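I opened the model to take a few notes. Here is what I looked up, entry by entry.

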Amino acid sequence: MKILVPVKRVIDYNVKVRVKSDGSGVDLANVKMSMNPFDEVAIEEAVRLKEAGIASEVVAVSAGVAACQETLRTAMALGADRSILIVTDEELQPLAVAKLLKAVCDKEAPQMVIPGKQAIDDDANQTGQMLAALLGWPQATFASKVVVNADKTGAAVTREIDGGLETIEISLPAVVTTDLRLNEPRYATLPNIMKAKKKPLETTTPEALGVDVKPRLKTLKVAEPAKRAGGVKVADVAALVDKLKNEAKVI
Amino acid sequence: MTILVIAEHDNAVLKPATRNAIAAAARIGGDIDVLVAGAACAAVAEAAARIAGVTRVRLADAAQYADHGAENLAALVVANAAAYSHILAPATAAGKNFLPRVAALLDVAQISDIVEVVSPDTFVRPIYAGNALATVQSADAVKVITVRGTAFEPAGEGAAAPIEALAGAADAGISRLVGRELTVSARPELTAARVIVSGGRALGSNENFHAVLEPLADKLGAAVGASRAAVDAGYAPNDYQVGQTGKIVAPELYIAVGISGAIQHLAGMKESKVIVAINKDPEAPIFQVADYGLVADLFDAVPALLAAID
Ligand SMILES: Cc1cc2nc3c(=O)[nH]c(=O)nc-3n(C[C@H](O)[C@H](O)[C@H](O)COP(=O)(O)OP(=O)(O)OC[C@H]3O[C@@H](n4cnc5c(N)ncnc54)[C@H](O)[C@@H]3O)c2cc1C
Ligand SMILES: Nc1ncnc2c1ncn2[C@@H]1O[C@H](COP(=O)(O)O)[C@@H](O)[C@H]1O
């Protein structure tokens, strides 16, 4: 079975984001960009399914500016067999990405698509669910365990939900989105980084896929949140209890 | 203009997050319908009907909604969407699961996790782990929205609204619940707690996590939370995780014990009214948001705190 993994190029999770003074967005000039951490987990899961002899091929897909090919090279260094770049300079919102991915799925016919649960830039948590809807496939979001049935017609997926865990059985093909506990992604080794340079990377465009990616939401402004006023350090436990009782009045 | 709010529940009890979503709907303005989809969930419909501001409850009581699977729930919402200008759900694990499916089937954007209603088509939502607030305007015919509970005071009780039965859609039959392992706890739910005691990697083990934090939580009537590091290490269950990719909380008092204060953690708790940090590293970033910081070894400080509170 073929697995498709959508990977997004995002600002690195260690970077302290700065809002532009004109309120038009956040400053992305000269900041470190990386693969969305949830997508590293997704690649890892797909590669493990291949190593276990369950998956036959892992295809990474990214949509965005030309530099997304770096993200795809990373995906291939981590074990993806080949990749597809949908190149555009347009701002891409989750519905547009889901439509692009649907067009790729129509061609590639994967048995499973594994997106991350959430991109750490837009914090949308939408794309996987939208893709499943457009394809008419079942979805298993926030996965912490994936077990593909022996006959590969279905999978049991354990999901992180409010209150604990739930396990659902879905038919395949399906969309499974990753949560943090699904696995611990490996690091790319130098030999694998070298090998990844030779793996196939195909480029296409939204137009070629026949998808209108025009944004549906207009961002009117981006602002910095109100800062918390700095607090104080207390000398000891007694002082802390005093503050909580008599100043904050919360205990 | 009529707004549809999808109730969250377990077939027996209406989840409090529904009230925050109804409060957001009230800010938008217009009639408010509440959809209760489930099985043998009439008590939930009755509870929803008594919430202030609700015009009507629509009850879809059928076996295929018993487990709230995204596929069937989304199909039901879409089949009844034509009457509505806005469709809202709480930004909980459940709401985040099915609502994007609704939006895609309606060919509209979803506006995730709103914290403010500017006007019926314009909303504020956090991005980049809450390091920026985006004001976004939607031109779509239907606005599909998830609501961050901590940003809207829950709607209270009101006069009982009528409950109307709604026919179910066909069962998609592509997904089936096998089972749930829910954390049983007598403590308040994290997102609804007045006080939260939250622990990090510094607790060192599952045994310590419980032995150190629970007596304090018991004394304060608090819920227990955790950092991602503590959850990943198996000290606490996954649904204790507070942060950008876990739960968003805003209690009156949040006590962070042995948590460094990474931006991903702060994203989930920095709206708390009073923040206390106990950390042995005076440079830990958590102190930048803490109202009261105590530089100390938690294994001394927490028992001492417990003893000092009467
Ligand atoms: C995609 C992504 C999503 C994430 N989402 C979340 C999220 O939702 N929530 C979240 O919390 N994190 C999240 N993280 C992880 C986050 O970046 C941090 O790694 C995590 O919050 C650190 O947890 P911690 O503070 O418990 O551990 P550490 O950073 O290791 O901090 C431990 C602290 O304990 C202190 N300490 C040690 N011993 C003692 C002692 N005896 N007494 C007192 N203090 C002591 C240390 O000084 C230190 O400050 C995410 C990361 C990524 C990449
Ligand atoms: N531009 C993109 N290219 C490839 N994958 C994407 C893109 N945007 C989102 N995704 C996938 O969708 C997931 C969820 O993103 P979001 O819905 O934006 O939070 C990500 O973890 C990716 O797997």
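I started with Leu201(A), which I found in strand β11, residues 201-204 of chain A. I am working with a predicted model.

Next I listed the contacts of Leu201(A), leaving aside neighbours within four places in sequence. I got Gln69(A), Leu72(A), Arg73(A), Met76(A), Ser83(A) and Leu85(A).

Then I looked up the record. UniProt, in an unreviewed entry, places "domain: Electron transfer flavoprotein alpha/beta-subunit N-terminal" at residues 23-213 of chain A. I computed 31% helix and 28% strand over residues 23-213. The end C-alpha atoms of that stretch are 24 Å apart.

I moved on to ligand 2. I noted 18 residues around ligand 2; Asp39(A), Ala63(A), Ala119(A), Asn125(A) and Thr127(A) come nearest. By class, the shell holds eight nonpolar, seven polar and three charged residues. Which strand gives the most to the shell? I found strand β4 of chain A, residues 57-64, with three residues.

A side-chain N or O atom of Asp39(A) sits 2.5 Å from one. For a side-chain N or O atom of Asp122(A), I read 2.9 Å. Ala124(A) uses a backbone N or O atom, at 3.5 Å. On its own, ligand 2 has 490 Å² of accessible area, and the protein covers 98% of that.

Terms used:
Residues are numbered from 1 along each chain as its sequence is written. Chains are lettered from A and ligands numbered from 1 in the order in which they are written. This is a predicted model: local features need pLDDT of at least 70, side-chain atom pairs count only at pLDDT 80 or more; totals for chains, interfaces and linings use all residues. Side-chain values use heavy atoms; hydrogens and water are left out. UniProt positions are given in the numbering used here, feature names are shortened, and annotations may be inferred rather than shown by experiment. Helices (H or I, at least four residues) and strands (E, at least two) are DSSP runs, numbered from the N terminus. A residue is near a molecule or strand if one of its heavy atoms lies within 4 Å of it. A polar contact is a pair of N or O atoms within 3.5 Å; within protein, one must be able to donate a hydrogen and the other to accept it, and residues adjacent in sequence count only if both atoms are side-chain atoms. Accessible areas come from the Shrake-Rupley method with a 1.4 Å probe; for residues, only the protein chains shown count as cover. Ala, Val, Leu, Ile, Met, Phe, Trp, Tyr, Cys and Pro count as nonpolar, Asp, Glu, Lys and Arg as charged, and the others, Gly among them, as polar. Contact means heavy atoms within 4.5 Å.
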